[in-house]
Amino acid sequence: MLFIPKIDCVMIPGKLTQSTLKIGNKMKKLIMIVSLLVCSHFVQAKPYDAIIDSGILRIGVPADYAPLAFFDESKKLVGFDVDMAKELARYLKLTPVFYITSWPTLSKDLLDDNYDIAMGGVTYTSERAAQFLLSDNVLENGKIALAACHVAGKLTGLDAIDNPDVKVVVNPGGTNEKFVNARLHKANIIRVNNNIDNIQALRDKIADMMITDLIEGLYYQNKEPNVLCLATKHPFEGTQSYKAYMVQSGNTSLIHAVNEWLKISNEQALAKKWGIDADLNYHK
């Protein structure tokens with residue numbers, strides 16, 4: 001499996017030496033224009049034809065969201081969306097290359113053309129739809145409370161959760177943090193670096209619960225019975241959503257190809273493989 005590193009374009013002015021001072025205003029402007037052109041080369045999204053000609057499909061995943069995209073115990077990148085990405089690449093006759101991003105930098109990394117498509121747990125939101133192109137519905141979803149099993153029975157609703165005695169763990173940059181910031185005002189909020197730290201905090205009983213997606217909650221409840229339990233069985237009101245794939249705005253040919261592929265993809269079989277099909281509906 002191939003991975004690509006993050007590449008940033010940085011303009012460094014350099015030291016202000018005597019020779020630098022001798023450069024005229026016209027030359028300074030020329031240097032600035034050339035620098036901007038060089039940097040724009042890195043941030044301009046590849047059009048669909050250029051992606052096909054490259055022979056590579058670059059896929060961005062945060063890689064901390066089981067069962068969609070995560071590193072297993074052998075440090076191999078696996079998951080439903082990893083399998084789907086490989087299938088999409090085969091459909092397009094391209095080689096998949098995975099770029100490890102994060103939830104806080106997901107949108108910026110896509111805008112910076114570090115990858116062609118974002119996968120691995122992207123929730124459709126109006127904010128993302130205003131800035132990017134998102135695919136048709138991949139998986140139905142919604143926000144639930146995943147808790148350490150010894151306290152799950154006491155945290156069955158927001159009134160019980162939003163309490164100073166309840167320790168809620170959350171990582172930055174995603175829709176889980178937005179929910180916590182908007183709807184939990186009294187709970188003891190523990191902020192950690194990433195989603196993997198959330199799960200470990202529940203295992204270690206450092207935190208009581210976390211807000212997460214139904215998809216992830218079902219996965220961990222089945223994977224770690226008597227350790228991690230769904231405290232709420234159904235999504236909180238107003239949080240019903242779906243997972244999608246995201247590309248740069250203007251790349252309509254790519255998102256069209258993605259949607260055409262979704263109609264014939266092996267989605268349901270792969271969802272069953274990863275244990276996430278029983279409670280979710282599919283729209284073909």
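Tutor: Lys-243 counts as buried, at 4% relative accessibility. Buried means under 20% relative accessible area, exposed means over 50%, and partly exposed lies in between (1.4 Å probe, protein chains only). This is a predicted model, in which local features need pLDDT of at least 70, side-chain atom pairs count only at pLDDT 80 or more, and totals for chains, interfaces and linings use all residues. Residues are numbered from 1 along each chain as its sequence is written, and side-chain values use heavy atoms, leaving out hydrogens and water.

Now to the partner. Lys-243 forms a salt bridge with Asp-213, with 2.6 Å between the closest N and O atoms. A salt bridge here is a side-chain nitrogen of Lys or Arg within 4 Å of a carboxyl oxygen of Asp or Glu. This pair links distant parts of the chain: Lys-243 is in strand β15 (residues 241-243) and Asp-213 is in strand β13, 30 residues apart. Strands (E, at least two residues) and helices (H or I, at least four) are DSSP runs, numbered from the N terminus.

Asp-213 is itself buried, at 1% relative accessibility. Its side chain also meets that of Lys-143 in a salt bridge, 2.6 Å from N to O. Lys-143 sits in strand β10 and Asp-213 in strand β13, so this pair ties together parts 70 residues apart in sequence. Lys-143 is buried too, with a relative accessible area of 7%.

Next comes another pair. Arg-191 and Glu-177 join their side chains in a salt bridge, 3.5 Å from N to O. Glu-177 is buried, with a relative accessible area of 19%.

Helix α9 spans residues 175-183, and its buried residues are Thr-175, Asn-176, Glu-177, Phe-179 and Val-180. What covers them by contact (heavy atoms within 4.5 Å)? The cover includes strands β10 (143-148) and β13 (209-213), the two strands of the Lys-143 and Asp-213 pair. It also includes α6 (126-131), α8 (158-161), β11 (167-170) and β12 (188-191).

Last, the wider count. The structure holds 9 salt bridges.

How values were computed
Contact means heavy atoms within 4.5 Å.
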